[in-house]
Structure formats: C-alpha cells, structure tokens
Amino acid sequence: MKFFEQQDEARRQTKKLVILFVLAVIAIVIAVNVAMALLWNGLQTYAGGQPYATPYPPAFFLTNTLVTLLLIIGGTLIEMFRLRDGGDAVARMAGGRLVATDTSDTRERRLINVVEEMALASGIACPKVYVLDREQSINAFAAGYNLNEAVIAVTRGTLDRLSRDELQGVVAHEYSHILNGDMRLNVRLIGVLFGIQMVAGFGQQMMGIGARASMISAPRRRDNNNGVPIQLFIVGAGAILFVIGYIGIFFGRLIKSAVSRQREFLADASAVQFTRNPDGIGNALRKIGGLTKKGGEEARILHGNAEQLSHLFLSAVRPSLLDGLFATHPSLQERLRRIYGRDMTLMDAPVIAQPALPPAERLPDLPFVASGFAEVQAARQQAVADIAATAALTSAPFGTDQEKAPVLSPLEQIRRMPDIDRAVHDPYAAVSLVLALFMESDAMQSEEKTIFVRTHLPRQAEQIVAMAAAIRQLPRNARLPLLDIAMPALRRLPVNAHMDMLDNISRLINSDQRVTLHEFVLQTVLERRLDARANRAVPVRFHDLHALRQECLKLFSLVAHVMAKLEKLPAEQTFARIVAQAPFALTPADLQPVSSLSYQEIKQVLDRVNQLAPLSKPALIKALLNVTGSQSLPLTMADLLRAICAALEAPMPAAVARIYTEAGWPEA
C-alpha cells in the first residue's frame with residue numbers, strides 16, 4: 001500500500017510547493033519595489049530635478065506590485081491553461097510524437113509491448129506513448145494529472161541504444177512516477193516556474209522598448225528641468241526585472257531540486273522491485289553516464305523547453321555546473337550505488353541493431369478486418385490446440401525427450417490471437433472489442449444482445465459478433481485486461497466517440513432489463529477512464545472512513561454477497577470475515593440486503609468514496625480483501641475488486657494482480 005503513502009506525500013509536497021511559490025512571489029515583489037525605488041532616486045539625482053511633490057510618482061509602489069503579480073500569477077495561469085490536456089500537452093511541449101498503438105515499427109512495437117506489460121501488472125489504464133524523435137540521448141519522462149490520462153515519453157536514443165531489459169527498467173521507473181503521484185505535482189511545477197520566468201522575459205522586452213524609444217527621441221533632448229528621462233527609466237526598470245527574474249529562476253531551480261531529487265531514488269528502487277532485475281534500470285543509467293562522459297548531442301536534451309521540463313526526465317537534461325544543492329537529479333554514481341550497493345563503471349551506449357520481435361510480439365502486416373464467424377471459430381480452435389499442446393509439454397515427466405515449454409501468460413495469449421491483438425491497437429476495432437465484451441452472458445441474454453446489436457448497430461454488428469466469439473476463446477483472466485491494453489487506442493478517438501460508445505453500452509446493458517456483475521465491472525472501469533470527467537482531479541472531502549460509514553457498509557455488503565454466492569455460503573458468514581477486521585466497529589446486523597445494492601446506488605457510493613484522502617483508502621481495500629478469508633481469490637471477486645480499485649483511482653493490490661499475471665511479470 002505504499003502507493004497511498006506516496007499519494008499523501010505528493011499532496012503534502014504540493015502544499016510545500018504552494019508555500020515556496022508564495023514566499024518566492026513575496027520576495028520578488030519586495031525586491032522589485034526596493035530596486036525600483038533605488039533606480040528612481042538614482043535617476044532623480046542624475047537628472048537634478050524633482051518634478052513631483054513626493055519622492056515618488058503617484059501609486060509608484062502599487063504599480064510595481066501589481067505589474068509583478070500580474071506577470072507571475074498571469075504567466076502561471078496561462079501556462080496551466082496551455083497544459084490543460086495534461087500529459088499529452090507536456091509531451092507535445094517536449095517535441096513528442098504520439099506512437100500509434102498499431103505501429104509496425106519494430107522498436108516502437110517493443111516499447112508498446114513493455115508499457116502494456118506494466119499496465120497489466122499494475123491494473124491501471126495503459127498510458128499513451130510518445131517518442132522524442134530528435135533526441136539521441138537516453139532519457140524518458142511520465143506526465144499527466146492522474147492515472148487515467150498519463151503518458152510516457154521516451155527519446156529516440158532510448159529506443160535505439162537500450163536492450164529490452166534496459167527498456168523495461170526505464171519504463172518501470174516512469175511507472176513509479178505514475179503510481180506515486182509525482183506527475184500532477186511536476187506539471188504544476190512547470191506552470192509555477194513559467195510564471196517566474198515571465199518577470200525576466202518582460203524585463204528583457206522593456207529593455208528593448210526603452211532602447212528603441214531612446215534612439216527615436218535622441219534629437220529632441222529634454223532640458224535639465226524636465227525630470228527623469230522616461231526612456232532611461234524604462235531601460236533601467238527592464239534590467240532590474242531581468243536580473244530579479246533570473247534570480248527567481250535560480251530559486252525555482254532550487255524548488256525543483258527539493259521536490260524531485262528524492263523521488264528519483266524512490267523511482268529507481270521501484271523499477272528494481274517491479275522488474276526484479278537491477279540490471280534493467282542499472283545498465284540504462286550506466287549507459288546514460290557513458291554518453292554524458294563522452295559529451296555531444298547524445299548527452300543532452302536539445303529541445304528549447306528542456307530546462308523548463310528538466311524535473312520530469314529520468315536523468316539530467318544536460319551536464320550542468322550547478323550540481324549539489326541545485327541539481328534537479330541525484331548524481332548517477334549515487335543512484336548506481338543505491339541500486340547495486342557499490343560503485344559501478346559506466347558503459348558505452350552504441351546504437352543496437354534493429355531487434356527482431358519474437359512471434360508473440362509481432363503484429364501481422366495486414367490491417368484489421370473482421371473475420372467471419374466460421375473463420376474465427378476455426379482460428380480459435382487452432383489457438384486452443386496450440387495452448388493445449390504447450391500445456392502437455394509443460395506436464396511431461398522429468399527426463400523425457402520433450403523440452404518443457406513455458407506456460408503462456410494472459411498477455412501472451414492475447415498477442416497470439418491475431419484478431420484480438422489487432423483490435424486492442426486499432427481505435428475503431430477497439431470500440432467493437434469493448435462492445436463485444438458485454439456479449440458474454442448466458443444463451444438467452446446473448447441472443448437478446450445479438451438482436452440489439454444487429455438492430456441498433458448494423459454497421460458494427462458483424463465485427464462485434466466476431467469479436468465476441470474470439471473473446472470466448474481467451475482464458476477468463478485475460479478478458480478484463482483487454483480494457484487496460486485498449487485504452488491508448490480508444491483515447492485516440494474524439495471525446496464524442498467515447499460518449500457514443502458509453503451510451504451504446506448503457507443501451508446494450510438495458511436490452512435485457514438487468515445489470516449483471518460482469519457488466520457492472522466493465523462499465524465501472526470504462527466510465528472511470530473514458531467519461532468526459534475522467535481527467536478532472538477529484539477533490540479530497542473526507543479524511544476518515546467514519547465519515548463514509550454507510551458507503552463502506554454497502555461496499556462490504558456487496559463483496560460479501562458476491563463471495564457468498566461463489567462459495568455457496570450464507571452472506572452472513574462471508575460478511576463476518578469483514579466484521580472481524582473492519583476499520584471501524586461493525587456487527588453482523590450491519591449487512592445490507594441485496595435489494596439496496598442497485599447499480600446506480602453502488603455507482604454513487606464509489607463516486608463519494610473516491611473523495612477519500614489517500615491514506616484512508618488502504619484500510620477500505622484491505623477490508624474488502626478480508627472477505628475471502630483464507631480462501632484463494634476467485635476470478636469473479638478479483639474482477640470486482642479490480643473495478644473498485646479503478647473507481648478509486650488506485651492500482652490493484654498484489655493479491656488481485658496475481659490473478660492476471662501468472663507467467664513472467666511480477667505484480668506491481
């Protein structure tokens with residue numbers, strides 16, 4: 001549950017950032033007023049005149065203060081508005097290009113696969129992926145306001161110079177920033193620093209205006225009684241703002257280093273934890289050090305916004321003389337010592353030959369076209385036969401001539417089914433795939449839904465039915481992860497397309513006049529991630545579970561009834577497991593009847609519970625997990641808990657993630 005501790009720490013860091021920002025603004029305002037007063041007095045002495053009855057013009061200090069505040073606060077607000085799209089805006093600001101989920105480029109395909117693996121393990125929506133094509137250095141960053149709209153961006157050098165294990169380490173490092181709540185703070189920091197930079201920029205403009213005005217008015221010199229030459233004052237004021245603005249930038253860099261340096265150590269440690277391979281992130285950092293030592297374009301980020309975004313990146317954007325207290329990143333040697341426990345030599349980072357993807361990762365060259373039902377059935381039967389053959393090899397007695405084949409993970413099985421693998425990476429086919437997930441019902445319900453689809457969605461009907469047939473051939477623990485993998489493709493569609501899809505899903509669910517648990521789970525995940533409000537920050541309104549006692553009771557009762565049905569036990573017995581270790585006092589009589597647990601009621605409950613403070617959510621999720629007692633977690637319960645975690649904007653606990661990651665990728 002370190003995720004929630006880091007989320008709470010991120011909120012405290014945000015408050016710290018606000019305090020530091022306010023102090024910096026106050027200091028800049030005072031410095032501007034003092035400097036302007038000294039400038040005015042100096043120019044008055046130089047001019048030998050005193051045109052005003054008071055030492056300073058009317059509203060002198062008020063004007064200085066308002067102009068400075070307007071520059072800083074206005075600049076911050078303007079930049080935050082420019083970054084309203086969150087991660088996408090930041091990636092474009094760095095010169096990033098969105099990688100199509102159905103890309104045929106081998107290196108980009110490998111990157112997409114690695115990002116999908118991490119999404120499956122953590123239970124969060126798969127982030128969009130960007131590539132900084134003009135950057136030959138090894139670097140990366142994650143950006144966004146929340147889990148639902150995060151992006152991961154990597155440089156071209158990262159793709160060209162790192163092995164797959166090293167790329168996994170880099171991606172895992174960036175996933176740590178996503179899971180630990182760093183992204184929102186980092187995006188806000190961009191806006192704050194831009195506002196401070198506005199002071200220096202405005203001062204530079206004033207110097208130019210004053211110099212040009214002085215040249216124009218040179219033939220018409222003032223006499224000695226006309227007071228301070230306005231052109232000279234403008235130039236001087238501009239110089240003051242320029243100097244003070246860059247002092248603000250200096251302290252802004254100090255703020256960045258205070259906020260980001262310790263988080264890099266945490267992200268490195270998390271990358272090792274996620275991948276169980278210290279050489280992944282470790283060798284990537286060693287290669288970065290090798291390029292830095294060599295110097296040149298491969299050692300730095302060349303984009304003009306590099307300095308403004310420096311605190312987001314995996315490593316320093318360029319070698320700097322301002323190390324130590326003012327460095328935005330810890331030294332590479334210190335990071336390597338924490339990973340390996342000893343000093344490590346640096347590595348060369350030559351461009352690696354174009355990798356060949358294994359069959360499980362290779363996308364077919366043909367564009368997606370929905371197969372007919374008979375073709376799908378034949379292909380699925382062949383896939384099932386292949387999987388059965390693999391299982392037979394795996395179970396062969398020791399000492400036989402057969403080699404032991406690895407058991408395929410759910411993600412690998414998805415990749416071995418061409419129609420499914422194409423669909424999760426193609427935006428419009430992904431819509432049909434999502435609708436097809438709702439076709440999984442008993443025979444009568446499936447027939448009603450098929451009639452609805454053919455009647456109301458005739459253009460997509462054949463594709464949806466074909467996708468439904470293909471999905472039934474997947475193992476059940478591979479079906480819900482399809483939503484996570486398909487998110488980047490779905491987000492390539494306009495918002496109105498998302499709303500149309502969600503509307504069609506609601507109508508499809510209502511076609512049989514009931515909401516099954518399977519439908520509830522799917523719709524909860526989709527609405528949390530694709531609704532028009534999905535990218536908005538959820539305010540914290542409740543700081544303790546006691547404030548939401550009734551809402552918690554409904555969630556406890558829901559999982560108790562579901563678990564009771566799975567185990568064929570009375571609901572009171574499964575509810576008693578929660579009562580025994582509940583975060584507040586409960587009695588068996590608190591069990592809510594099934595009739596009070598309608599879809600709309602639970603939806604409202606989840607919306608309110610999502611407004612809990614981060615450190616209050618772990619106790620709730622732990623109590624929900626207690627419903628299983630000593631029993632292993634059934635897939636149906638795992639799906640329900642996965643949906644609840646999505647609604648609370650939290651990654652899955654390890655016990656839930658384990659259900660979906662059985663071969664090769666550790667739980668996040």
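A residue is called buried when its relative accessible area is under 20%, exposed when that area is over 50%, and partly exposed in between, with a 1.4 Å probe and protein chains only. The model on display is predicted: local features need pLDDT of at least 70, side-chain atom pairs count only at pLDDT 80 or more, and totals for chains, interfaces and linings use all residues. Residues are numbered from 1 along each chain as its sequence is written, and side-chain values use heavy atoms, with hydrogens and water left out.

**The whole chain**

Helices (H or I, at least four residues) and strands (E, at least two) are DSSP runs, numbered from the N terminus. Of the 668 residues, 57% are buried. Contact here means heavy atoms within 4.5 Å. Among contacts between residues at least 6 apart in sequence, 78% join residues at least 24 apart.

**Stop 1: E166**

Select E166, which is found in helix α6 (residues 164-179). E166 counts as buried because its relative accessibility is 6%. Now display its surroundings: with neighbours within four places in sequence left aside, E166 is in contact with R161, D279, G280, N283, A284 and K287.

**Stop 2: the nonpolar cores**

A nonpolar core is a set of buried Ala, Val, Leu, Ile, Met, Phe, Trp, Tyr and Cys residues joined through side-chain atoms within 4.5 Å. In soluble globular proteins, nonpolar side chains tend to be buried together. Select I420, L490, L526, F556 and L620, the residues with the most contacts inside the largest nonpolar core, which has 100 residues. Helix α20 (residues 549-567) supplies the largest share of this core, 10 residues. Apart from it lies another core, of 42 residues, including L111, L159, F274 and L285. Return to I420: beyond its neighbours within four places in sequence, I420 is in contact with I414, L433, M467, A470, I471, L474 and L482.

**Stop 3: α14 and α18**

Select helix α14 (residues 427-437) and helix α18 (residues 495-510), whose axes come within 10 Å and cross at roughly 20 degrees. Axes are lines fitted to C-alpha atoms, for helices over the stretch in contact, and angles run from 0 to 180 degrees between N-to-C directions. The angle makes α14 roughly parallel to α18; angles under 35 degrees count as roughly parallel, over 145 as roughly antiparallel, 65 to 115 as roughly perpendicular and the rest as oblique. V431, V434 and L435 of α14 meet M501, N504, I505 and L508 of α18. By class, this contact has six nonpolar, one polar and no charged residues. Ala, Val, Leu, Ile, Met, Phe, Trp, Tyr, Cys and Pro count as nonpolar, Asp, Glu, Lys and Arg as charged, and the others, Gly among them, as polar.

**Stop 4: α19 and α22**

Next, select helix α19 (residues 517-530) and helix α22 (residues 599-609), which pack at an angle of about 40 degrees with their axes 12 Å apart. That makes α19 oblique to α22. On α19, the contact is made by F520, Q523, T524, E527 and R528, and on α22 by Y599, I602, K603, L606 and D607. These residues divide into four nonpolar, two polar and four charged.

**Stop 5: two loop residues**

Most residues other than glycine have a negative phi, and most peptide bonds are trans. Select R276, in the loop between α8 (230-275) and α9 (278-294); its phi is positive, near 55 degrees. R276 counts as exposed, at 58% relative accessibility. Finish at K568, in the loop between α20 and α21 (571-580), where phi is also positive, at about 55 degrees. K568 is exposed, with a relative accessible area of 76%.
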